[in-house]
Amino acid sequence: MASLALVACKNGGDKAAKEEQGTVKEQSAAEQRKFVEEPVFDINTTMGTITVKLYSQTPQHRDNFVKLAYDKFYDGTLFHRVINGFMIQAGDPLSKDPNAVDRYGTGGPGYTIPAEINPELRHKKGALAAARKGDTANPERESSGSQFYIVQDEQTCAQLDGAYTVFGETIKGFDVIDKIAAVQVDGKDRPVTPVKILSVVEVVTPETAADSASAAAGTQQAQ
């Protein structure tokens, strides 16, 4: 009986050790990365790459986008709503399934994000903003947990200032935005030929590297 108890104890210990390892592994890549106040990401699409910078003034939206990108949530999703002279919209996980085409634009990760509307952050060309339900169903203007749009035309999107959370901006790839906006669409603004997000990957720039080093130094001093 004693040896059996020892084996059981050993198995329990192994299990605990594995669970502990699993917890470390379970800690997402987003949580393990070095903190950057305004991280930069490449949104790699079938029509080229759009490089965006996330704003420090909208930390909840920034951190959520970082997490989803590191979880590869956006990989394989489509630009499901494209309006030339206005904006291009993506981030719906349902768009990975061609059988769910009638529900494109309604999907998400199962949660919303509190609005972080900042009057200083406008819908300029290339602005990255969070999609959301309309004011009647969503008076608090909470953002979709994953869907976003990128401004193609600043003038027509100016009407959205102060009503939607702008949480980043394009720093490279404006031509790709225009190319996507110009594709042929159907009656529901869906591209006839799918435009897919292949991956969303963080980019290390001199600015973000310095930001990360500064944050690390501050953490060490705090300890």
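The protein has six helices and 10 strands. Helices here are DSSP runs of H or I with at least four residues, strands are E runs of at least two, and both are numbered from the N terminus. This is a predicted model: local features need pLDDT of at least 70, side-chain atom pairs count only at pLDDT 80 or more, and totals for chains, interfaces and linings use all residues. Residues are numbered from 1 along each chain as its sequence is written, and side-chain values use heavy atoms, leaving out hydrogens and water.

Start with the whole chain. Of its 223 residues, 40% are buried, meaning under 20% relative accessible area with a 1.4 Å probe, protein chains only. Contacts are heavy atoms within 4.5 Å. Among contacts between residues at least 6 apart in sequence, 71% join residues at least 24 apart.

Now look at helix α3. It covers residues 59-70. Its 12 residues should span 16 Å at 1.5 Å a residue, and its end C-alpha atoms are 16 Å apart, which agrees. The expected span is 1.5 Å times one less than the number of residues. Buried residues of α3 include His-61, Arg-62, Phe-65 and Leu-68. Lys-72 follows α3, with a positive phi near 60°.

A nonpolar core is a set of buried Ala, Val, Leu, Ile, Met, Phe, Trp, Tyr and Cys residues joined through side-chain atoms within 4.5 Å. The largest has 29 residues; Ile-43, Ile-50, Phe-65, Ile-88 and Phe-148 touch the most other members. Beyond its neighbours within four places in sequence, Ile-50 contacts residues including Phe-41, Ile-88, Ile-150 and Ile-180. A second, separate core of 12 residues includes Met-87, Leu-121, Ala-129 and Tyr-149.

Terms used. Buried < 20%, exposed > 50% of the residue type's maximum accessible area, 1.4 Å probe, protein only.
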